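Dear colleague,

After it I have set out what was found, moving from the chain as a whole to single residues.

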Amino acid sequence: MAPSKKRNVNSRNTSENVSKAAKLDLEGIVDRILESRKHANDIFDVLESLQSEKERDVVSAVDACCRLFSTLLERKELFVGKLPAEDEALSGESSAEDKCRIFMGHRYNACVEILLEHLNHEQFAVKESALCCLMKFAAGQVQHPLEDLEWSEHHSFPRGIILAVVENLTSKTTDNTLLISRFQEFLEMDDVRYYVMSALRESVGKVMEKNKGTLLPVYQNNVFTLMSSISMPSQQSELTNFMVKLEGKPEDWRAAKLNNHKRAFEKMWLGFLKYKLPSNMYKKLLVILHDSILPHMSKPALMIDFLTAAYEVGGAISLLALNGLFVLIHQHNLDYPDFYKKLYNLLEPTVFHVKYRARFFHLANLFLSSSHLPLYLVAAFTKRLARLALTAPPTGLLIVLPFIYNLIRRHPSCRVLLHKPSTEDEPVEDPYLMDEEDPAQCRALESSLWEIKTLQKHYHPDVAKAAMMINTPLSEQEEDISELLELTTYELMERDLKKPQDKKSIPLEFETATQLLKGGGDVLAHHFCLVSDE
């Protein structure tokens with residue numbers, strides 16, 4: 001076994017040596033090209049290595065190209081302006097210096113095209129190297145533009161590279177989540193973020209229109225991942241980190257204004273959300289909507305169509321849509337018809353088992369906190385929650401019971417549900433209509449909260465104890481349910497197990513036996529004597 005192991009080590013070292021030799025050779029080629037123009041044709045060897053099938057060779061070639069063309073950009077040895085056709089330029093009357101710039105300009109474009117292709121490479125190391133190199137080229141073009149600036153432009157930005165990078169990051173066939181997370185570092189620059197948002201809006205419009213709005217799960221997931229990675233500034237003073245060095249009048253540049261950022265952000269999201277989304281994406285989007293999207297939009301009310309459609313989907317998606325609707329209703333005076341009717345119909349047995357249960361009850365508590373709600377509406381919610389409590393798990397019951405008590409505290413007129421005098425003790429039919437969708441027609445005020453009385457016999461002692469509170473007058477102080485919203489079954493069991501046990505000794509009889517086992521010889525002899533006397 002020893003010889004074979006030694007061969008494996010040697011073969012590995014040999015491959016590493018070959019790779020190091022190739023890297024050193026590429027570095028030598030780059031040095032020769034930068035040293036003298038007579039070695040310019042050697043660049044084809046570098047570009048050939050850039051298309052190698054070996055991962056290490058490609059990464060080495062990317063590093064070499066990055067150093068070579070970044071240096072040429074700094075030296076201004078690439079052609080500036082509209083690049084002429086290579087054959088005509090090299091055979092024309094241009095100077096040798098211009099011919100070299102044109103030649104290197106075409107090689108630079110070829111290198112950029114190959115790097116863009118490598119963004120879809122199988123190996124992540126190649127993708128990452130290509131992405132970093134392209135962004136370094138972008139930074140180089142910012143300082144040394146390859147386009148003639150018009151008299152009206154104060155700043156030049158390589159929009160072409162950014163647009164091409166965005167198009168490749170949002171692939172239709174490859175999940176680029178990991179690469180997009182690497183790209184997030186560049187999104188921290190304000191001007192990069194601005195042009196990425198513009199590029200995303202253009203890309204989504206073209207791709208989705210071309211496919212006539214049909215679902216493209218991989219593409220839409222890449223787009224959403226990239227869009228959700230964008231962290232927007234909230235104040236103009238936060239716009240300080242630019243790839244472009246601001247000189248002259250920075251206020252004349254679009255990317256330096258917060259209002260322009262908000263407009264680009266708004267157009268990007270609205271352009272994305274107007275198309276049909278995969279069902280699993282609704283949840284991801286609605287989770288971040290109220291915190292990361294709505295606050296940065298110029299006109300948040302434009303999201304009403306999307307939120308209304310999401311709210312009508314049902315299930316967990318409807319629960320999550322409540323957050324966005326809450327922001328629009330309370331902060332932007334949105335008038336949403338039949339809101340409470342739809343909220344009432346969200347109260348189903350599944351609400352206690354969904355992942356977003358805590359968020360739903362938190363929002364429902366806010367919506368039902370107004371003292372101006374009609375009595376029939378509060379009674380309908382109270383009765384429906386009580387009916388659902390009959391099949392709810394203990395963790396849900398520990399939320400629902402205080403929730404019901406708080407509703408009664410806020411609306412004392414609902415106390416009529418607690419005391420329904422009956423002439424006889426015989427059971428009567430409950431007039432409440434559980435299947436009625438309209439809370440005004442469910443006849444809740446004609447019923448009572450007999451369900452809570454039933455829960456007093458619940459198997460869990462905490463639930464039974466909470467249900468017993470209905471037997472005594474409720475205090476005016478509302479209960480804080482925030483700590484109960486995230487309560488899980490595991491935490492409930494842990495809490496029961498950690499309850500302090502009573503360490504007092506349990507008495508077994510009136511007089512404690514002290515000499516039954518120790519010094520028991522006399523006791524036993526006395527006992528036998530008594531028996532024999534009998």
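**What was found**

Of the 534 residues in the chain, 45% are buried. Please keep in mind throughout that this is a predicted model. The secondary structure consists of 22 helices and zero strands.

**The nonpolar core**

The largest nonpolar core contains 160 residues, and F183, W269, F272 and L285 are the ones with the most contacts inside it. Both domain 1 (23-148) and domain 2 (337-421 + 431-502) contribute residues to this core, which therefore lies between them. To take one of those residues, W269 is in contact with F224, M227, S228, L285 and I293, once its neighbours within four places in sequence are set aside.

**Helix pairs**

For helix α9 (residues 190-210) and helix α10 (residues 217-228), the axes come within 11 Å and cross at roughly 165°, and the angle makes α9 roughly antiparallel to α10. The residues that form the contact are V196, L200, S203, V204, V207 and M208 on the α9 side, and Y219, Q220, V223, L226 and M227 on the α10 side. The crossing of α9 and α10 is left-handed.

Helix α12 (residues 279-293) and α13 have axes that come within 12 Å and cross at roughly 125°, so that α12 and α13 are oblique to each other. This crossing, too, can be given a hand: α12 and α13 cross in a left-handed sense. Here Y282, L285, L286 and L289 of α12 meet F306, L307 and A310 of α13, and the L285 of this contact is one of the residues with the most contacts inside the largest nonpolar core.

On α13 the contact is made by I304, L307, A310 and Y311, and on α14 by I317, S318, A321, L322, G324, L325 and L328. The crossing of α13 and α14 is left-handed.

L289 is found in helix α12 and, at 1% relative accessibility, counts as buried. Not counting residues up to four places away in sequence, L289 touches L294, P295, M303, L307 and G324. The C-alpha atoms of L289 and S228 are separated by 9.7 Å, although the two residues are 61 residues apart along the chain.

L328, which is found in helix α14, is likewise buried, with a relative accessible area of 1%. Its contacts, leaving aside neighbours within four places in sequence, are with L294, P300, A301, I304, L307, N333 and L334. From L328 to A301 the C-alpha to C-alpha distance is 6.5 Å, while the two are 27 residues apart in sequence.

N168 is found in helix α7 (residues 159-169), and its relative accessible area of 18% places N168 among the buried residues, for which the cut-off is under 20%. N168 touches L116, L119, N120 and N176, again not counting residues up to four places away in sequence.

Most residues other than glycine have a negative phi, and two exceptions may deserve a look when you go through the backbone.

K76 has a phi near 60°, which is a positive value in a residue other than glycine. K76 is placed in the loop between α3 (55-75) and α4 (86-91) and, at 55% relative accessibility, counts as exposed.

R443 also has a positive phi, of about 60°, although it is not a glycine. The place of R443 is in the loop between α18 (394-410) and α19 (450-455), where R443 is partly exposed, with a relative accessible area of 38%.

With best wishes

Key: Residues numbered from 1 in each chain as written. Predicted model: local features only at pLDDT ≥ 70, side-chain atom pairs only at ≥ 80, totals over all residues. Heavy atoms only, no water. Core = buried A, V, L, I, M, F, W, Y, C linked by side-chain atoms within 4.5 Å. Buried < 20%, exposed > 50% of the residue type's maximum accessible area, 1.4 Å probe, protein only. Domains from an automatic or database assignment. Contact = heavy atoms within 4.5 Å. Left-handed = near helix turned anticlockwise from the far one by under 90°. Helix = DSSP H or I, 4+ residues; strand = E, 2+ residues; numbered from the N terminus. Axes fitted to C-alpha atoms, helices over the stretch in contact; angles between N-to-C directions. Parallel < 35°, antiparallel > 145°, perpendicular 65-115°, else oblique.
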